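Could you open the model and keep it beside you while you read? These are my notes, written for someone new to looking at folds.

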Amino acid sequence: MKRQKLPQKTKPQTKFPKTNATSDLPEANAASDLPKKNATSNLPEEKAQGTAPGKRKRGKASTGSGRKSRGTPYDDVFRTLLNDCTPLILPIVNEMFGTGYTGKETVELHPDLHFLNRQGGEMQKRITDSCFTVIGTVPRHFLLEMQSTSDSSMLVRIFEYSTQIALDSGEVTGNTLHVTIPDCGILFLRSTRNTPERMQIRIDTPGGSASFDVQVLKTQQYTIDEIFERKLFMLIPFYIFSHEKAFPEYNTNEEKLEELKTEYIDITNRLRHLKEAGQITEYQHRMIVDMSGKVLKSIAAKYDRIREGVGETMTGRIIETEASRIYHEGERNKSERTAINLYNRGDNFEEIADVLEVDIRQVRKWIRKAASIS
């Protein structure tokens, strides 16, 4: 019996990128649904998968060495700000790639869950930090990865993600497959004198060599004044990394801790002034403060005095801000939509629960709810 597809709340994207958008995204963006296909949509299925016509070979999905859907707390904060405060990414793009976006451009977000084709028909599920298109005079596509520390697999991941994104939007014309690699970059939360200013991926082919740069942004190099002057507000939650080496001193020296708290009082006041001047919205203001608290909670997990002192300085004694409530509600809705998409793709309950890292009973509840609506 053929499996009936469940209804979806939003139309899934089938191809990255779209180039006909004309209006700005709302500030509180829900994450885009998953694409229906994980390979170039214009390729015949039997050639793309190496199976008989009309029969798509479907291997067991594996997370392999890739990150699971939740990633680190810092990845989650970055993706949350990108999804819910999308315009704030444009100054980051300007800083990394030398673009001159004014903030009036449309930013289109794209699914961050990709299925990498492996030998033997196996598909490996990978999570990218941010994949989006800026619609200016000419649409331009970007892939950004957040990295807390350097590791040898970074360029490998960038290559895998960028080529799969290129395949997702590739086109076959006659006997030629045309793919476009997005502009790629890495945001380092921690950096040393050995952290490169930029990186490069080189591809040697029978027809010659090709290469592209991977731009680097080192968040610890920016003072708080530079962050505000350049409107890099998305970096504010990660500014605490510049103080990380001094945590042991802050935690035992009351005078030093007060200096840190005073700095964060200034940050809080400057954010409030930006909100009152209309340079950021009330929602963006709340999200920056709330996400700063989440980063602080993780990075200062072993330092109670820092976590409590700086945390209360920024948020007062608010247990859960409205932004936090909306964020968690959005995360639940996103997981539910993703579960339905994966179910329609053919994943079973166990596979869906694994990739979303939720209880299998919750997956069943979402699927039954969707089935009852249909």
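1. A word on the ground rules. This is a predicted model, so local features need pLDDT of at least 70 and side-chain atom pairs count only at pLDDT 80 or more, while totals for chains, interfaces and linings use all residues. Residues are numbered from 1 along each chain as its sequence is written, and side-chain values use heavy atoms, with hydrogens and water left out.

2. Start with the open sheet of six strands, ordered S2-S5-S6-S9-S11-S10, with mixed pairing. Strands here are DSSP runs of E with at least two residues, helices are runs of H or I with at least four, and both are numbered from the N terminus. Two strands pair if DSSP finds at least two bridges between them. Strands S2 (106–109) and S10 (198–205) sit at the edges with a single partner strand each, so one side of each has no neighbour in the sheet.

3. Now follow the pairing. S2 and S5 run antiparallel over four bridges, with Glu108 opposite Thr133 in S5. S5 and S6 are antiparallel too, over six bridges, and there Val134 faces Arg140 in S6. A hairpin of three residues links S5 to S6. Strand S6 (residues 139–147) pairs in the parallel sense with S9 (residues 183–188) over six bridges, and Phe142 stands opposite Asp183 in S9.

4. Helix H2 (residues 73–84) is worth a look. Ten of its twelve residues are buried, so H2 is largely enclosed by the rest of the structure; among them are Tyr74, Phe78 and Leu82. The end C-alpha atoms of H2 are 16 Å apart, which agrees with the 16 Å that its twelve residues should span at 1.5 Å a residue (the expected span is 1.5 Å times one less than the number of residues).

5. Val172 lies in strand S7 (residues 171–173) and is partly exposed, with a relative accessible area of 32%.

Definitions and conventions: Buried means under 20% relative accessible area, exposed over 50%, partly exposed in between (1.4 Å probe, protein chains only).
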